[in-house]
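Here is a walk through one model, element by element. Keep the coordinates open as you read.

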Amino acid sequence: MEDSAALPESAGGSRRSALLQFLKSIPCSALGFGLDALILVTLVELGRIHYLGANALSFIAGSSIVFVLNLRWVFPRSEASQRSWEYPLFLALAAGGLALNSLFLWILVSGLGIWYLPAKVGAACAVFLYNFACRKYLIFRKRRNATGE
């Protein structure tokens, strides 16, 4: 394993920054998941909506909260000029997360017979890394100017 102290400051700083962003994204995603799960249960139990349809609606609501938290706290340095396309890109990438989430949910519920709520937890955990990587490297990445800064 490499010693980060032996790396140039920019490389070590970049690693520390990525780790801090990852750690900050955990409570943001937990809050988003809490809203997602609350809406899911409400739609399934009270609204009598099929768990996969309810999952799509709840996932969008939870993801929107996560987007705002990511914008404000996890990746606050993205340039204001990018704002007009960040949310549409976020939603497009979230659609991929929703597809993966729904696939895992379907496999766990319909395939393995697990109750939809614990299955939702498992599906959310499985999709967390995909979502973080998309946010960090595709949506909120730091733009370089013409001088490479």
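Which helix does R135 lie in? R135 lies in helix α4. Helices here are DSSP runs of H or I of at least four residues, strands are runs of E of at least two, and both are numbered from the N terminus.

First, the ground rules. This is a predicted model, in which local features need pLDDT of at least 70 and side-chain atom pairs count only at pLDDT 80 or more, while totals for chains, interfaces and linings use all residues. Residues are numbered from 1 along each chain as its sequence is written, and side-chain values use heavy atoms, with hydrogens and water left out.

Now the overall layout. The chain has four helices and zero strands. From the N terminus, the order of elements is α-α-α-α. Of the 149 residues, 35% are buried. Buried means under 20% relative accessible area, exposed means over 50%, and partly exposed lies in between, with a 1.4 Å probe and protein chains only. Contact means heavy atoms within 4.5 Å. Among contacts with a separation of 6 or more, 69% join residues 24 or more positions apart.

Go back to R135. Is this residue buried or exposed? R135 counts as buried because its relative accessible area is 7%. Setting aside neighbours within four places in sequence, R135 contacts S29, V66, N70, F75, F90, F140 and R141. Take N70 from that list. N70 and R135 are 65 residues apart along the chain, yet 8.2 Å separates their C-alpha atoms.

The α4 helix has 24 residues. Its end C-alpha atoms are only 30 Å apart, where a straight helix at 1.5 Å a residue would reach 34 Å. That expected span is 1.5 Å times one less than the number of residues. Where is the kink in α4 centred? It is centred on V127 and amounts to about 35°. The bend at a residue is the angle between two fitted axes, one for the seven residues ending there and one for the seven starting there. V127 is itself one of the buried residues of α4, a list that also includes Y116, F128, N131, C134 and I139.

Empty space comes next. Rolling a probe the size of a water molecule over the atoms shows where empty space is left. The search uses a 1 Å grid over the protein atoms alone: a cavity is a set of points where a 1.4 Å probe fits but cannot get out, a pocket is an open set with protein on both sides within 12 Å along at least five of seven lines, and lining residues have an atom within 4 Å of a point. Points are joined across faces, edges and corners, and a volume is the space filled by probe spheres set on the points.

How many cavities of 30 Å³ or more does the whole structure hold? The search finds one. The largest cavity has a volume of about 50 Å³. Its lining is S63, F90, L93, A94, N131, C134, R135 and I139. Two or more of these residues come from each of α3 (83-111) and α4. The largest share, four residues, belongs to α4. By class, the lining has five nonpolar, two polar and one charged residues. Here Ala, Val, Leu, Ile, Met, Phe, Trp, Tyr, Cys and Pro count as nonpolar, Asp, Glu, Lys and Arg as charged, and the others, Gly among them, as polar.

The second largest pocket holds about 350 Å³ of space. It has 18 lining residues, with S29, A30, F33, A124 and F128 nearest its centre. Elements giving two or more residues are α1 (9-46), α2 (51-74) and α4 (116-139). Again α4 gives the largest share, seven residues. The lining divides into ten nonpolar, six polar and two charged residues.

Move on to α3. W106 lies in this helix and is partly exposed, at 46% relative accessibility. Beyond four places in sequence, W106 touches Y51, L52 and G111. S102 is also in α3. At 18%, S102 counts as buried, and S102 touches L52 and N55.

End at the loop between α1 and α2, where R48 is found. Most residues other than glycine have a negative phi. R48 has a positive phi, near 55°. R48 counts as exposed because its relative accessibility is 65%.
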